[in-house]
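Have the sequence and the 3D view open side by side. Let us walk through them together, one piece at a time.

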Amino acid sequence: MCESCGCGKPDEYIIHDPNHTHNHGSDYNHEHDHTPPHKHDHPHEHDHPHKKVIDLNIDILSQNNITAGMNRRFFEGRKVLCLNMVSSPGSGKTTVLEKTISHLIPSKKIFVIEGDQQTLLDANRIEKAGAPALQINTGQGCHLDARMIESALKKLDPDANSILFIENVGNLVCPAMFDLGEYRRILVASVTEGIDKPLKYPNMFETSHLCLINKSDLLPHVDFTTDEFMKNAQLINPHLEFIELSAKTGEGMNLFFEWILNQADLFPGQGEI
Amino acid sequence: MHEFSLAGEVIKLAEYEAEKNKARAVSEITIELGNFSGVEAEPFGSALSLLSEGTILENARLYIIRTTGKGICHACEREFEMEQRFDTCPWCKSYPSEIKGGSEFRVVSLVVEEE
């Protein structure tokens, strides 16, 4: 960024390497010093490179963030509550979603974007639960990015006043860096994971709004203390909310449904105008 | 793993800037990388060198400027260099501190060869 006058344009200047060799493609021989200005008494073409420094200072994620911003405007304009669900593989995201869809679908329109490296398995499960789903296969990719969501939205075309769940690729590292344009990010953890997960994967805990602690029915069988886990997570993110639940038995799921409906009211695109 | 897609973003950015500046090659690229950015310098460098084959960055030298976040202690309000997210204040040993900086991940500059 230009700091001389604050015009916001990048500074550009040319480095003229004084040690370059001239090859002018002619029989002329001459010597000249390289302190400008210098004059040539013959026409010539340079084939040595002129180097130029381009000062950029551009955030590498800026393109993703711009697209995420456009997605966000789309959601607000169409009053779609977008929730991005992230977790490590096997935490039970899809089961939580299935149960949530079955519960909410009588009163709310729900759409789902599924992200996985391979297969249509999750989208099929979601469709069975009653919501239109679009599967994005990222191939070797380890996360969804804002552009994938932008294209998916054109196909899925979610209705106004609906809820859109994005089930991100199961991975606690990469998806943390990519804003998709969601209103809230929900991290699904489970009691079969260690209580030190928040300390090991701080970026994901830092960027999430709600943490579900799933598989609570297994608590008697595992070495997991909910309090300790929450304490660790709050070291990273003091604003993080928690709901302990079991998608399998249904215990605690009501709290999650209430939380979602509450977000729908808070969301700037929804509620009273 | 996400280092690959980030390297891809860097190449796109460099190609866009090179074209805008009518450059035929990029000889240097400088990237600023904060210690809380979530990006590791080494895998990122490897990913970039693998992916840049056949692109404008093919022969570019990569410079990484590492930056360190700072903590501002909630208790004594003093500022200190933060190596780890959970560093306690070196003065009064309090925790937590407000983290400032360290999340930088940007292309600082390119050196291009003009046509």
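Two strands pair if DSSP finds at least two bridges between them. Strands here are DSSP runs of E with at least two residues, helices are runs of H or I with at least four residues, and both are numbered from the N terminus. What you see is a predicted model, in which local features need pLDDT of at least 70 and side-chain atom pairs count only at pLDDT 80 or more, while totals for chains, interfaces and linings use all residues. Residues are numbered from 1 along each chain as its sequence is written, and chains are lettered from A and ligands numbered from 1 in the order in which they are written.

Start in chain B with strand 3, residues 69-73. Strand 3 of chain B pairs with strand 5 (residues 97-100) of chain B in the antiparallel sense, over four bridges; there, B:Ile72 has B:Glu98 as its bridge partner. Four bridges also join strand 3 of chain B to strand 4 (residues 79-82) of chain B, and these two run antiparallel. In strand 4 of chain B, B:Glu81 is the bridge partner of B:Lys70. Strands 3 and 4 of chain B form a hairpin with five residues between them, and B:Glu77 in the turn has a positive phi of about 65 degrees.

Now look at the side chains. A residue is buried if 20 or more other C-beta atoms lie within 10 Å of its own, exposed if 12 or fewer, and partly exposed in between, with C-beta atoms placed from the backbone.

Next, move to chain A, which has eight helices and nine strands. Of its 273 residues, 38% count as buried. In helix 8 of chain A, the buried residues include A:Met253, A:Phe256, A:Ile260 and A:Ala264. They lie on the same side of helix 8 of chain A because they cover an arc of only 85 degrees around the axis, taken from the directions from the helix axis to the C-beta atoms. The face turned away from that buried side carries the exposed residues A:Asn254, A:Glu258, A:Asn262, A:Asp265 and A:Leu266.

Finally, find A:Lys215 in the loop between strand 8 and helix 7 (226-236) of chain A. Is A:Lys215 buried or exposed? A:Lys215 is buried, because 26 other C-beta atoms lie within 10 Å.
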